[in-house]
Amino acid sequence: MKRKSLADRIRHFTPSWFAAVMGTGVVGILIFNLPFGDQGIRTTVASAFLILNIIVFLAFSLASIARYALFPQIWMLMIHEPIQSLFLGCFPMALATIISATVSISLIHTRLHSLIMFLWGLWWFDLALSYASCILLPYIMITRHRISWEHHNATWLLPVIPLIVAGSCGAVLSTALIDSNPEKAKITIAASCVSLAIGLSLSMMIITTYLFRLFAHGFPAAGLVVSLLVPLGPCGQGGYALLLLSKHFSTLNSRLGIEEVLYGKIAIALATTGALTIWSIGSWLGIVAAIGLVEVTYKTKIQFRVNFWGMVFPLGVYSLLTMQLGHELDLQFFRVCGTVLSAITGLLWLGISSKTVYLAFDGTIFIAPCLDDKPQIRPWFNASPKPTEDAGTNGTSDMQNVQNEPTHNTEEHPVVANAQEVKQ
């Protein structure tokens, strides 16, 4: 097969590539937070992952800028693509992992005030991008995309998860601000709580509708079955943020002279209960997803694509929540489970990154679903809002064209039927 040129690779460089930055970042954070092992070694390895992640993030950002600068018409094609457009939410999440890792490692080495202030300003920028993702992308889904229940999948969570990740990042950043600048810490904690509340509540609503879709139509098609782990993301990151923010409430109240018993301890108790509840929900979702992945991959050969990176970050943040519960509750069970899940995440990252580098060499992994030989005939290439009168009828047919999948055979079991639907 002929290797793709650099221009073709840039042209097919989709926003989903930033999921690789998210996955690499969370592996470094997991190594830094492991409850076992030498702290110095873990910090060194986590620092290496941070440097690698910054380099990859900058390279991907330059590639994205080049893509829309050299091929400006692709922007509208991508925005109206019902799945790839949702991956725009990966950019603020990727940036948040870099901010969180930098803050955590800087607290070990030295507390540089100028670095913390720079990261604080960068966090506000990331928070603004997260709000843009949470508001604009769902609006585009409502007014531009034509979708049906049958094609509902876990990628609908991608526009709203950035607010949860930004809230968690703000909680980590508050650790560095709470001693040196309590006022800035108070503002950061308040903003993080608001973003966490919005992102977590919307995520739970979407997960509920996603479960209905699974009950009614079975697992997604083979090309999207790797998205089954995505719901672990809001569960893991949301619970982790709750635990950190509640501790900051207690510490900050004592700094500002507020009665700790009334606010701090109550906040910790409520947050720990909430985090345990979210962890339990995530456990059920993760077990069902794991069984589904094993069954579908056993029955069907799934083509490796960039969307495989969507499995690393959700599993990673769920592992992070598990370890944090072990620290807060002083339970060895959560520490061991978190370490095992972290090891699985690391192995998953190693396998996916190796396959990605191999396929990137000849360029076969660079595939943009919104592009083909005749982009003008794409069904979503229309900037006008979708009609409301016949949205139900047209939505189903258009979405079937986008996914290039046949209608399900209702006589077959949903898992078997969907497992046979491999994207061409």
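This is a predicted model: local features need pLDDT of at least 70, side-chain atom pairs count only at pLDDT 80 or more; totals for chains, interfaces and linings use all residues.

Q: How many helices and strands does the protein chain have?
A: Start by counting elements. Here you'll find 14 helices and zero strands, so the run from the N terminus is simply α-α-α-α-α-α-α-α-α-α-α-α-α-α.

Q: What share of the residues is buried?
A: Residues under 20% relative accessible area count as buried. In this protein chain of 424 residues, that is 54%. The accessible surface comes to about 18700 Å², and carbon and sulfur atoms hold 69% of that.

Q: What part of the contacts links residues 24 or more positions apart?
A: Look at contacts with a separation of 6 or more: residues 24 or more positions apart account for 82% of them.

Q: Now the pair: at what angle do α6 and α8 pack?
A: Angles under 35 degrees count as roughly parallel. Helix α6 (residues 113-143) and helix α8 (residues 182-217) pack at about 25 degrees, their axes 12 Å apart, and are therefore roughly parallel to each other. The crossing of α6 past α8 is left-handed.

Q: Which residues make the contact?
A: From α6 come M117, W120, W123, W124, L127, Y131 and C134, while α8 brings K184, I187, T188, A191, S192, V194, S195, I198 and L202.

Q: How do the residues of the contact of α6 with α8 divide into nonpolar, polar and charged?
A: Twelve are nonpolar, three are polar and one is charged.

Conventions
Residues are numbered from 1 along each chain as its sequence is written. Side-chain values use heavy atoms; hydrogens and water are left out. Axes are lines fitted to C-alpha atoms, for helices over the stretch in contact, and angles run from 0 to 180 degrees between N-to-C directions. Helices (H or I, at least four residues) and strands (E, at least two) are DSSP runs, numbered from the N terminus. Angles under 35 degrees count as roughly parallel, over 145 as roughly antiparallel, 65 to 115 as roughly perpendicular and the rest as oblique. A crossing is left-handed if the near helix is turned anticlockwise from the far one by less than a right angle, and right-handed if clockwise. Contact means heavy atoms within 4.5 Å. Ala, Val, Leu, Ile, Met, Phe, Trp, Tyr, Cys and Pro count as nonpolar, Asp, Glu, Lys and Arg as charged, and the others, Gly among them, as polar. Buried means under 20% relative accessible area, exposed over 50%, partly exposed in between (1.4 Å probe, protein chains only). Accessible areas come from the Shrake-Rupley method with a 1.4 Å probe; for residues, only the protein chains shown count as cover.
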